[in-house]
Amino acid sequence: SVSRVVWSPDGGQLAVASSVGIVELLNVSQGKFETFADISSWGAVRNIVWSPDSRLLAIATAGQIWVKNVDSGGVLYENALWVTDLTWSPDGDFLAVAGETIALLDTTEWIVLGTLVGDTGRVNAITFTPDGGRLLSGGVDGSLHLWNMDSGLDTFTVTTSAAINQYAWNLDHSLLALSVGE
């Protein structure tokens, strides 16, 4: 069964991930699917996210993350990480990886630049602000953190009565909707 479906930012491809660890790409102009990654030995795909330029695809299972070049299929980054969510910075310079903490990866050298620690428990959802200057994180502890990307400091925290599972910005990024609950 399908676990994730995500359009590339340029609208030219659709990534479809299955619960058995297969990621296929649909090239819209050609109208056909091709297998992009078979990671079935790692289990279900939890998340897939496109880089802002549509050239890279980050793929996460419960215990592994891969970043692959869409044109060549080459693996640029691979690591055994427990992953709940992934997000690219708007300029594509960073990939944030959430699990028990938040790791920030430099997408030029593919090294971990640092770790953001503030949630008491699993981080369920992360997203950059549109300007890339801040990162939002929400977790099982019900807290929503706003991290300053220059300093790495938690600059604002709001606590809800239950776990934050995901959120979404409206079109002009002036409002944020939260999914809160068990």
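Contact here means heavy atoms within 4.5 Å. The model is predicted.

The largest pocket holds about 740 Å³ of space. Its lining comprises 28 residues. Val 49, Leu 86, Thr 87, Ile 126 and Thr 127 lie nearest the pocket centre. Five strands each supply at least two lining residues: E1 (2-7), E5 (47-50), E9 (85-88), E13 (123-128) and E17 (164-169). By class, this lining has 16 nonpolar, 10 polar and 2 charged residues.

The second largest pocket holds about 190 Å³ of space. Strands E3 (22-27) and E4 (32-38) each supply at least two residues of its lining. E4 gives the most, with 4 residues. The lining is made up of Gln 13, Leu 25, Asn 27, Gln 30, Lys 32, Glu 34, Thr 35, Phe 36, Val 70 and Asp 71. The classes divide into 3 nonpolar, 4 polar and 3 charged residues.

Val 117 counts as exposed because its relative accessibility is 60%, and the cut-off for exposed is over 50%. Beyond its neighbours within four places in sequence, Val 117 is in contact with Thr 101 and Trp 147. The C-alpha atoms of Val 117 and Gly 152 are 9.4 Å apart in space, while the two residues are 35 residues apart in sequence.

Note on methods. Residues are numbered from 1 along each chain as its sequence is written. This is a predicted model: local features need pLDDT of at least 70, side-chain atom pairs count only at pLDDT 80 or more; totals for chains, interfaces and linings use all residues. Side-chain values use heavy atoms; hydrogens and water are left out. On a 1 Å grid over the protein atoms alone, a cavity is a set of points where a 1.4 Å probe fits but cannot get out, and a pocket is an open set with protein on both sides within 12 Å along at least five of seven lines; lining residues have an atom within 4 Å of a point. Grid points are joined across faces, edges and corners, and a volume is the space filled by probe spheres set on the points. Ala, Val, Leu, Ile, Met, Phe, Trp, Tyr, Cys and Pro count as nonpolar, Asp, Glu, Lys and Arg as charged, and the others, Gly among them, as polar. Buried means under 20% relative accessible area, exposed over 50%, partly exposed in between (1.4 Å probe, protein chains only).
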